[in-house]
Amino acid sequence: MPELPEVETVRRGLAPVMEGARFVEVEARRGDLRWPLPEDFAARLRGQTVLKLRRRAKYLLADLSGGEVLLMHLGMSGSFRVNHDRGRSGSPRKRLGLEPSGPGLHDHVVFHMSSGATITFNDPRRFGSMLLIDRSELENHRLLAELGSEPLARSFDAASLARACQHKETSLKTALLDQSVVAGLGNIYVCEALHRAELSPTRKASTLARRSGAPTARAERLVSAIKEVLAAAIKAGGSSLRDHRRTNGDLGYFQHHFRAYDRAGEPCPTPSCGGTIRRISQNGRSTFFCPRCQK
DNA sequence: ACATAGACCTGTTGGC
DNA sequence: TGCCAACAGGTCTATG
């Protein structure tokens, strides 16, 4: 499911009910996610207040009052759902039977917050994860230490992308999926950014840089395309292909704005291009692009 | 140091 | 209709 725009959408949905709120109760219904839940997970969270909910790459980070950080990843199919408890009789929707009350099949973790919100983590494939890390060890943690630039930060520019790709023999597609080059892109937004920048996914990553390491015009175009597509997707609440939901259950709608992803056989939307979107496989993953305008 | 393949899971889809 | 292979938004781990 989730790339940077989807994770950011989830963060924005969770922040109002988590920040400043305390974990009143935590249910660990199934602990074998990608990795086992931390030892005494529920007990270590109970009573702690969330100071801030942040995002880094595709991770959500909840700073806890006790000095630890709750690190969460949605994997391929993870989602969070927020329900608001309104007294014993339940919400009006619940009383009317519009909301199912019991936990669903893949509801693995449930947070009951002092804000009155119940937050349920659902993840059919269990590629998601939750970890507790000491704040002092966060920067050096193996999952975070090697991450590259945040693509929406000002510091992510053509020069920094060119530098990161300068000696890469691999394809541009593969380089952009590498979280140590740029942090937060996934299969969809790499395809979309390359299409917008009119760059071929099979082009060598090193062609973003001159021999001196200085960025080429391609690098400039690509950085702009990445920032634009991510910003637009966040504005749309992310892309819902199958699993992604906003925390209130609504769908994102950026999938309606895809120009290349999942559009094999359709005409290329680049003005006056006239090409056809093709699907190829790179490193076992689908790439969608227009061989006509993406050079 | 770098690049590619395999692994982890469940659910859905398309072809025969 | 049923069955099975292929595929799905990710990324760690092992291997060359």
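Predicted model: local features only at pLDDT ≥ 70, side-chain atom pairs only at ≥ 80, totals over all residues.
Residues are numbered from 1 along each chain as its sequence is written, and chains are lettered from A and ligands numbered from 1 in the order in which they are written. Local features need pLDDT of at least 70 and side-chain atom pairs count only at pLDDT 80 or more, while totals for chains, interfaces and linings use all residues; side-chain values use heavy atoms, with hydrogens and water left out.

Helix α7 (residues 217-235) and helix α6 (residues 187-196) have axes that come within 8 Å and cross at roughly 125°. Helices here are DSSP runs of H or I of at least four residues, numbered from the N terminus; axes are lines fitted to C-alpha atoms over the stretch in contact, and angles run from 0 to 180 degrees between N-to-C directions. The pair is therefore oblique, the class left after roughly parallel (under 35 degrees), roughly antiparallel (over 145) and roughly perpendicular (65 to 115). The crossing is right-handed, meaning that the near helix is turned clockwise from the far one by less than a right angle. In α6, Tyr-189, Glu-192, Ala-193, Leu-194 and Arg-196 make the contact (heavy atoms within 4.5 Å), and the α7 residues they meet include Leu-222, Ile-226 and Leu-230. The contact of α6 with α7 has 9 nonpolar, no polar and 3 charged residues; Ala, Val, Leu, Ile, Met, Phe, Trp, Tyr, Cys and Pro count as nonpolar, Asp, Glu, Lys and Arg as charged, and the others, Gly among them, as polar.

Helix α1 (residues 4-18) also packs with α7, at an angle of about 40° and with the axes 9 Å apart. That angle makes α1 oblique to α7. Leu-4, Pro-5, Glu-8, Thr-9 and Arg-12 of α1 touch Leu-230, Ala-233 and Ile-234 of α7.

The side chain of His-106 places an N or O atom 2.7 Å from a phosphate oxygen, and a backbone N or O atom of Glu-169 lies 2.9 Å from a phosphate oxygen. Arg-125 instead has a polar side-chain atom 2.8 Å from a base oxygen.

Conventions. Helix = DSSP H or I, 4+ residues; strand = E, 2+ residues; numbered from the N terminus. Polar contact = N/O pair within 3.5 Å; in protein donor to acceptor, adjacent residues only side chain to side chain.
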